[in-house]
Amino acid sequence: MNITDQDLQFFVLALKNSSNYDLTEYSDKSLKRRLQKILADKNMDLNTLVGTIKTNKNFSEDVVKEITVNTTELFRDPQTWQTLKFRILPRFKNNKTINIWHAGCSTGQEVYSMLILLNEMGLYDKAKIFASDINTDVLDQAKKGIYKYRFNISYLDNFDKVIKQNPFNYEEFNEVPYEKYFDIDKSRDTLTMKKFLTEKPIFRKHDLVRDGNLFFAKFDLILCRNVIIYFNYTLQNKVFELFHSNLYPKGVLVLGMHETILGPHATKFEKLGQFYVKK
Ligand SMILES: C[S@@+](CC[C@H](N)C(=O)[O-])C[C@H]1O[C@@H](n2cnc3c(N)ncnc32)[C@H](O)[C@@H]1O
């Protein structure tokens, strides 16, 4: 079924009126694609889907979970992590505490990447890690820290690039065993984060459309990568305002590789590639 603008509006309004979810300011293109997939997977037409949304709260919750794209990786985009390691995190090394918020953390690989890096840099104990997502299923997985091993074999390459190698000095190599941070069980096909890592972050359900800062803290670093790409310009600006007002001066916002601050907030940050330093 081809989703028209009217179909999309019909769906978004029904969801808004019968649940806590407001997708009005999500970008149309990706919403249309997701809606099309949901209809195909559930083998439903749009009227039936909207009818069920209106009468069944749990169904609405499920639909929103299927709308969100949850793709993520351990040390996703290793270059970003190398910049964090060599250029960004050292800025905070003399802080008493380092508050970090992962907004849109999905199944948690980004959070564990940060914890591993902080530990290697000797900054682990001063860090407070907050992580949130709109989707409670991915948060449950994030809290467990258990991932498929074979499907995610690239995690080990990313780990090597960020933790073992130095892109500025190819002769340097730190032999850090994977078992320091996670256990690999090939027969069960699992990669399980160590308990000391899973115990550290505070995970909370949080909707960037609706909720303010739920953590009662200000932040030195906010990572919101590959999330605003699904939002329209108005919602992006609203989210930038939320981040700007909850960062300490000189605090840093990290966006995804293909995301940029345009519009009124651009002048409030110094841009260093995908890293934005609050002026
Ligand atoms: C593609 S994942 C990004 C994960 C991770 N940050 C990364 O870059 O690898 C996008 C995440 O944003 C979450 N998300 C979408 N809309 C959201 C909203 N309104 N509030 C909070 N999280 C949202 C999704 O549930 C999903 O887990």
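Mentor: Welcome! Let's begin with the second largest pocket, which has a volume of about 270 Å³. Keep in mind that we are looking at a predicted model.

Trainee: Which residues lie closest to the centre of the second largest pocket?

Mentor: A pocket is read through the residues that line it. Here 16 residues line the second largest pocket, and Thr72, Thr107, Gln109, Phe151 and Tyr155 are the closest to its centre.

Trainee: Which helices and strands supply at least two residues of that lining?

Mentor: Look for helix H7 (136-144), strand E3 (146-148) and helix H8 (154-164); each gives the second largest pocket at least two lining residues. By class, this lining has 5 nonpolar, 8 polar and 3 charged residues.

Trainee: How do I read the largest pocket, and what volume does it have?

Mentor: The largest pocket holds about 480 Å³ of space. Its lining counts 29 residues, with Val69, Gly104, Asn226, Val227 and Tyr230 nearest the centre. Two elements give two or more residues to this lining, namely helix H2 (28-42) and strand E2 (127-133). H2 provides the largest share, with 3 residues. Sorted by class, the lining of the largest pocket has 12 nonpolar, 10 polar and 7 charged residues.

Trainee: Where does the ligand sit?

Mentor: You will find the ligand in the largest pocket. There are 21 residues around the ligand, and those that come nearest are Tyr26, Thr72, Asp133, Leu208 and Asn226. This shell divides into 7 nonpolar, 9 polar and 5 charged residues.

Trainee: Which polar side-chain atom lies 2.6 Å from an oxygen atom of the ligand?

Mentor: A polar side-chain atom of Asp133 lies 2.6 Å from a ligand oxygen. In the side chain of Glu110, an N or O atom is 3.1 Å from a nitrogen atom of the ligand. Ile134 takes part through its backbone, where an N or O atom lies 3.4 Å from a ligand nitrogen.

Trainee: How much of the ligand's accessible area does the protein cover?

Mentor: On its own the ligand has 610 Å² of accessible area, and the protein covers 98% of it.

Definitions and conventions
Residues are numbered from 1 along each chain as its sequence is written. This is a predicted model: local features need pLDDT of at least 70, side-chain atom pairs count only at pLDDT 80 or more; totals for chains, interfaces and linings use all residues. Side-chain values use heavy atoms; hydrogens and water are left out. A residue is near a molecule or strand if one of its heavy atoms lies within 4 Å of it. A polar contact is a pair of N or O atoms within 3.5 Å; within protein, one must be able to donate a hydrogen and the other to accept it, and residues adjacent in sequence count only if both atoms are side-chain atoms. Accessible areas come from the Shrake-Rupley method with a 1.4 Å probe; for residues, only the protein chains shown count as cover. On a 1 Å grid over the protein atoms alone, a cavity is a set of points where a 1.4 Å probe fits but cannot get out, and a pocket is an open set with protein on both sides within 12 Å along at least five of seven lines; lining residues have an atom within 4 Å of a point. A molecule sits in a cavity or pocket if more than half of its atoms lie within 2 Å of its grid points. Ala, Val, Leu, Ile, Met, Phe, Trp, Tyr, Cys and Pro count as nonpolar, Asp, Glu, Lys and Arg as charged, and the others, Gly among them, as polar. Grid points are joined across faces, edges and corners, and a volume is the space filled by probe spheres set on the points. Helices (H or I, at least four residues) and strands (E, at least two) are DSSP runs, numbered from the N terminus.
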